Amino acid sequence: MSLPRVVWLIGLFILFMGTRYCSVEAKTRRILLDTDVDTDDFFALLYLLKLERSEFDLQAVTINTNAWTDAGHAVNQIYDILFMMDRDDIAVGVGGEGGILPNGTILRNVGGYLPIIEQGITTAGGCRYRQAIPNGSGGLLDIDSNYGLRKAFLPQGSRKYSPLQQPTAQEVMIETISRGPTTVFVIGAHTNFAIFLMTNPHLKKNIEHIYVMGGGVRSKNPTGCCPENDTSSCKPRQCGNHGNLFTDYTSNPYAEFNIFADPFAAYQVIHSGIPVTLVPLDATNTIPISESFFNVFNRSQNTYEAQYCFQSLKMARDTWFDDQFYTSYFMWDSFTSGVAVSLMRNPHKDKGENEFAEMEYMNITVVTSNEPYGISDGSNPFFDALKTPKFNLKKGGVHSGHVQTGLRDPFCIVENGTGRCKDGYTEEITGPEAVRVLVATKAKPNQDPNSPLDRQFFKSFLDVLNNPKQAGRFNFQTQFPYYKEVLYKLDLGTKKLGRNVVFDMDMSAGDFLSLFYLLKVPIEVINLKAIIVSPTGWANAATIDVIYDLLHMMGRDDIPVGLGDVYAMNQSDPIFSSVGDCKYVKAIPHGSGGFLDSDTLYGLARDLPRSPRRYTAENSVEFGAPRDTDHPKLRQPLALEIWNSLLKTLDRASKITILTSGPLTNLAKIMLSSKNASSIIQDVFVVGGHINYDNNYKKGNVFTVPSNGFAEFNMYLDPLAAKTVFESKLNITLIPLGTQRSICSFPKILKRLRLTKKKTPEALFALRLLSTLHWLQRAHHKYQHMDIFLGETLGAVTLAGDHDSLKPTWKFKQIKVFATGVESEDGQIAIDERQGKFVRILENVVSAAYYDQFTEQLADKRQSAVVGSFEEQKRRWSTPPSNQTESIL
């Protein structure tokens with residue numbers, strides 16, 4: 001062959017190969033992001049949204065709900081971020097009501113609320129892994145609300161969670177991946193994606209690659225170490241551990257949070273046979289948020305998305321529990337997105353070369369149980385008491401050992417030594433269990449030695465976020481041309497104020513209806529002085545914002561709201577009090593008819609006008625914080641602080657009536673905080689409890705705990721608090737479950753609301769909420785308990801209503817509450833004529849009078865809403881002030 005022809009062929013080959021690689025690189029990559037919506041998760045989300053869609057097209061977001069966020073708050077934050085970024089086209093999936101049968105059959109639409117090992121046929125269940133995550137400040141409360149910034153910053157669009165209409169996580173995964181080749185990013189727990197893989201093996205062929213942030217292979221935790229040459233009594237905490245469970249390192253020093261949240265699910269993903277790239281703590285520990293990066297970021301906020309990320313990062317720093325933020329907070333999920341994108345741009349590079357991280361292939365697995373294998377000690381539902389292991393797992397295999405049961409599992413704790421449990425450890429191994437995975441080992445330094453940014457990804461992150469292309473359109477304030485914050489309060493004039501009342505609520509749907517009613521009762525009859533919130537009941541702590549919005553609607557921004565303890569009595573961890581068990585609250589479903597709906601007020605919360613007041617993580621040294629934040633006066637007060645502040649404003653002759661409509665945690669804490677509390681409290685109306693008269697054995701309402709047939713939820717959710725209250729000197733009136741049931745007719749209350757001629761905004765909202773509850777009860781079996789919440793309103797009507805027409809009948813009985821720690825009897829009430837406490841018990845009311853009073857009070861034009869809805873608020877903020885006909889109070 002002649003030389004010119006050889007040269008020509010070589011040139012043609014090079015041209016062909018170049019074209020081939022260019023065509024690969026030009027391919028649009030379809031991406032599905034599965035996230036737990038922690039702070040760094042939406043950093044990753046925004047990073048992906050800013051990339052050229054012709055190159056990287058984010059198709060869908062599914063929300064992992066058993067780790068660092070709660071479903072209702074997370075899904076609405078995702079909707080708002082996408083609205084800000086003009087990406088309402090992106091599908092969002094969350095939850096689902098499917099379950100797993102005892103024989104291992106996985107039903108459709110498992111919601112991922114529970115780790116696979118805990119998943120039964122409902123969304124109620126335990127928290128063996130999730131209890132490592134704090135429920136309050138520094139944990140779920142701050143992540144659900146994004147430190148209070150979510151509602152302050154993000155614009156609100158039309159998309160929102162709606163019951164029975166919200167696409168589920170599995171539906172979105174199936175639809176997205178069915179449409180064609182998809183790359184999946186998993187930056188939370190692996191439950192959703194593992195369930196997808198286990199139930200849709202035929203769709204594996206459409207998954208091109210899986211990118212995972214999580215685990216620690218050879219990592220050595222740099223946090224919790226004592227300073228060099230330290231001569232004090234400093235004791236290292238997590239220093240050198242493989243994992244980052246800062247609440248659980250004494251029992252499990254190996255696991256990282258994302259993998260620990262559901263080790264068996266992570267095992268399924270890693271062992272799926274699909275190519276996996278892992279960005280573990282090995283790499284993320286080498287890219288901490290440095291002070292220089294923070295300062296450069298502070299000066300580089302040219303887009304709304306950059307501002308939102310920086311403000312979130314700043315609040316995380318300002319509220320950090322110690323002075324080691326810059327060595328303890330890392331670029332976890334955002335760094336993973338950067339590494340993944342860089343790898344996807346270079347698919348032909350076999351060794352994983354990319355811009356941002358050094359890579360290495362390793363053989364790993366995910367530890368799901370602890371040796372010795374094949375034991376049966378009650379810790380492992382996959383094997384214990386089953387003839388055939390669930391999912392046909394191998395007897396004596398790697399899944400058959402002891403499974404960590406909680407933070408203080410005795411099996412895991414070695415006296416004066418390192419914890420021995422490895423659940424969730426991404427362990428490097430050899431043998432048949434090993435899977436070859438591409439692993440990021442170290443963040444690459446910045447190629448520009450003169451840059452203040454010491455990592456290459458820092459530059460990319462800031463450049464991408466601040467790119468004017470595909471930038472956010474507006475934030476909440478700039479969404480409206482005439483936005484203005486206004487606080488309202490009731491004009492008392494010379495009115496003689498009525499009975500001082502404090503409302504203690506757990507934010508169930510019935511509690512919000514009761515709050516409307518209390519605010520409508522003439523202030524000459526009821527003077528609502530304060531609201532204290534118990535997040536140990538039907539809603540998560542961040543739902544306190546719905547209270548602020550309702551008060552704003554009713555022109556009562558002057559009423560203080562205090563947040564109570566996030567754990568029932570004796571349920572917080574004795575070593576690390578910010579975490580705790582869920583022994584009682586696990587009875588509440590996470591999904592439909594439970595937390596998902598309570599946290600969103602059944603999809604209606606976003607229809608309320610937006611209050612300037614909201615939960616915020618702002619804090620003050622005065623109240624025990626390590627430092628003042630920028631606006632310490634905005635700090636969210638605690639329930640006991642509100643109570644003590646209220647006492648200082650009362651004259652000596654005044655007393656307080658307390659209406660409780662939730663667990664009695666707050667009231668028990670008040671009683672334990674002061675010996676004189678009972679002398680200041682005139683009386684207490686307790687909505688809750690179930691009493692069986694004459695041994696008629698009518699059931700209680702704790703429908704998710706079959707072994708306990710006679711408890712009522714408010715007593716069951718904190719039985720020790722109930723016992724404390726009912727053994728006190730308080731003058732108690734009980735509105736028990738049996739009496740509540742006598743007025744639980746949806747058709748009757750709805751008919752009355754529809755027939756009323758006066759339509760106030762609050763009456764219309766109550767009608768919408770009650771209609772929704774009634775429709776859901778008829779539409780889906782997961783909502784059969786909706787009448788529980790209608791019954792709760794009887795407490796407010798009994799306290800403030802017209803007794804001449806209600807004609808209440810009372811009994812005085814000596815009762816006691818069981819709080820033995822035994823699930824089958826905790827929260828039950830018994831008549832005890834020897835040692836029980838005398839309590840006035842509401843036995844009956846005229847139901848027709850109740851319906852009339854509730855309806856007429858809400859329809860009364862007096863003390864009515866000053867701004868009827870978010871839609872009305874939007875109209876005001878979109879109209880020049882000179883054209884507004886309604887004056888601002």
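**Note on salt bridges and sheet arrangement**

1. Arg-53 is partly exposed, since its relative accessible area is 35%. Please bear in mind throughout that the model is a predicted one.

2. Arg-53 makes a salt bridge with Asp-89, and the closest N and O atoms of the pair are 3.4 Å apart. Arg-53 belongs to the loop between helix 2 (39–49) and strand 2 (56–63), while Asp-89 belongs to the loop between helix 3 (71–84) and strand 3 (91–94); the pair therefore ties together parts that are 36 residues apart in sequence.

3. Asp-89 also forms a salt bridge with Arg-87, with the closest N and O atoms 2.9 Å apart. Arg-87 has a relative accessible area of 6% and is buried, because the limit for that class is under 20%. Asp-57 joins Arg-53, Arg-87 and Asp-89 in a network of salt bridges.

4. Which residue forms a salt bridge with Arg-218? The partner is Glu-360, and the closest N and O atoms are 3.0 Å apart. Arg-218 is located in the loop between strand 5 (207–213) and helix 8 (257–260), and Glu-360 in strand 7 (residues 357–366), so this pair ties together parts that are 142 residues apart in sequence. Arg-218 is partly exposed at 39% relative accessibility, and Glu-360 is likewise partly exposed, at 33%. For the whole structure, the search finds 38 salt bridges.

5. Nine strands make up an open sheet with mixed pairing, in the order 3-2-1-4-5-6-9-7-8. Its edge strands are strand 3 and strand 8 (426–428), each of which pairs on one side only. From one strand to the next, the twist averages 30°.

6. In what sense do strand 4 (residues 182–186) and strand 5 pair? Their pairing is parallel and extends over five bridges. Within it, Thr-183 has His-209 of strand 5 as its bridge partner. In general, the strands of a sheet pair through backbone hydrogen bonds, in either a parallel or an antiparallel manner.

7. Helix 6 (residues 169–178) lies across strand 1 (29–35), strand 2, strand 3, strand 4 and strand 5, and runs at about 155° to strand 2. Helix 9 (residues 263–270) packs on the sheet, where it touches strand 5, strand 6 (276–279), strand 7 and strand 9 (435–443). The direction of helix 9 makes about 115° with that of strand 7.

Notes:
Residues numbered from 1 in each chain as written. Predicted model: local features only at pLDDT ≥ 70, side-chain atom pairs only at ≥ 80, totals over all residues. Heavy atoms only, no water. Salt bridge = Lys/Arg side-chain N within 4 Å of Asp/Glu carboxyl O. Helix = DSSP H or I, 4+ residues; strand = E, 2+ residues; numbered from the N terminus. Buried < 20%, exposed > 50% of the residue type's maximum accessible area, 1.4 Å probe, protein only. Pairing = 2+ DSSP bridges. Axes fitted to C-alpha atoms, helices over the stretch in contact; angles between N-to-C directions. Contact = heavy atoms within 4.5 Å.
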